[in-house]
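Subject: Structure handover

Hello,

I am passing the structure on to you below. My notes come after it.

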Amino acid sequence: MKVSVDEKRCQGHARCIAFAAQVFHIDDEGFSHEREGFETVTPELEKYVKKAFANCPENAILISD
């Protein structure tokens, strides 16, 4: 699974951090980004990324296989 954050959609709600802090981080302006090295998500973290994806109110998290 690959993950990224659409920077134009992210509004800084930080719900992704609540579900997958291992994969996402918040920048100095309060917006989310995938952590370096986590563009490809390990199978162990996929369920957390899927929860973050489902709970993002702006649909800013993009995942693909």
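The notes below cover the core, the cysteines, a cavity and a few loop residues.

This is a predicted model, in which local features need pLDDT of at least 70 and side-chain atom pairs count only at pLDDT 80 or more, while totals for chains, interfaces and linings use all residues. Residues are numbered from 1 along each chain as its sequence is written, and side-chain values use heavy atoms, with hydrogens and water left out.

The core

The largest nonpolar core contains 15 residues. Such a core is a set of buried Ala, Val, Leu, Ile, Met, Phe, Trp, Tyr and Cys residues joined through side-chain atoms within 4.5 Å. Buried means under 20% relative accessible area, exposed means over 50%, and partly exposed is in between (1.4 Å probe, protein chains only). Val 3, Val 23, Phe 24, Val 41, Val 49 and Ile 61 have the most contacts inside this core. At least two of its residues come from each of strand S1 (2–5), helix H1 (15–20) and helix H2 (46–55). Helices (H or I, at least four residues) and strands (E, at least two) are DSSP runs, numbered from the N terminus. In general, nonpolar side chains tend to be buried together in soluble globular proteins.

Contact here means heavy atoms within 4.5 Å. Leaving out neighbours within four places in sequence, Ile 61 is in contact with Val 3, Ser 4, Cys 16, Phe 24, Ala 52, Phe 53 and Cys 56.

Ser 32 belongs to strand S3 (residues 32–34). Its relative accessible area is 4%, so Ser 32 is buried. Not counting residues up to four places away in sequence, Ser 32 touches Val 5, Cys 10, Cys 16, Phe 24, His 25 and Ile 26.

The cysteines

How many disulfides does a search of the whole structure find? The result is zero disulfides, where a disulfide is a pair of cysteine sulfur atoms within 2.5 Å. For Cys 16, the nearest cysteine sulfur is that of Cys 10, 6.4 Å away. For Cys 56, the nearest is again that of Cys 10, at 6.6 Å. Cys 16 counts as buried because its relative accessibility is 8%, and Cys 56 counts as buried at 15%.

The cavity

A cavity is a set of points, on a 1 Å grid over the protein atoms alone, where a 1.4 Å probe fits but cannot get out; lining residues have an atom within 4 Å of a point. Grid points are joined across faces, edges and corners, and a volume is the space filled by probe spheres set on the points. There is one cavity of 30 Å³ or more. The largest cavity holds about 110 Å³ of space. Its lining has 14 residues, and Cys 10, His 13, Ala 14, Cys 16 and Cys 56 lie nearest its centre. By type, the lining residues are eight nonpolar, four polar and two charged. In this count Ala, Val, Leu, Ile, Met, Phe, Trp, Tyr, Cys and Pro are nonpolar, Asp, Glu, Lys and Arg are charged, and the others, Gly among them, are polar.

Loop residues

Ala 14 lies in the loop between S1 and H1. Although Ala 14 is not a glycine, it has a positive phi of about 65 degrees. Ala 14 is partly exposed, at 32% relative accessibility.

Glu 39 is in the loop between S3 and H2, and it touches Met 1, Lys 2, Val 3 and Glu 34, not counting residues up to four places away in sequence.

Regards

How values were computed:
1 Å grid on protein atoms, 1.4 Å probe; cavity = no way out; pocket = protein on both sides within 12 Å on 5 of 7 lines; lining within 4 Å.
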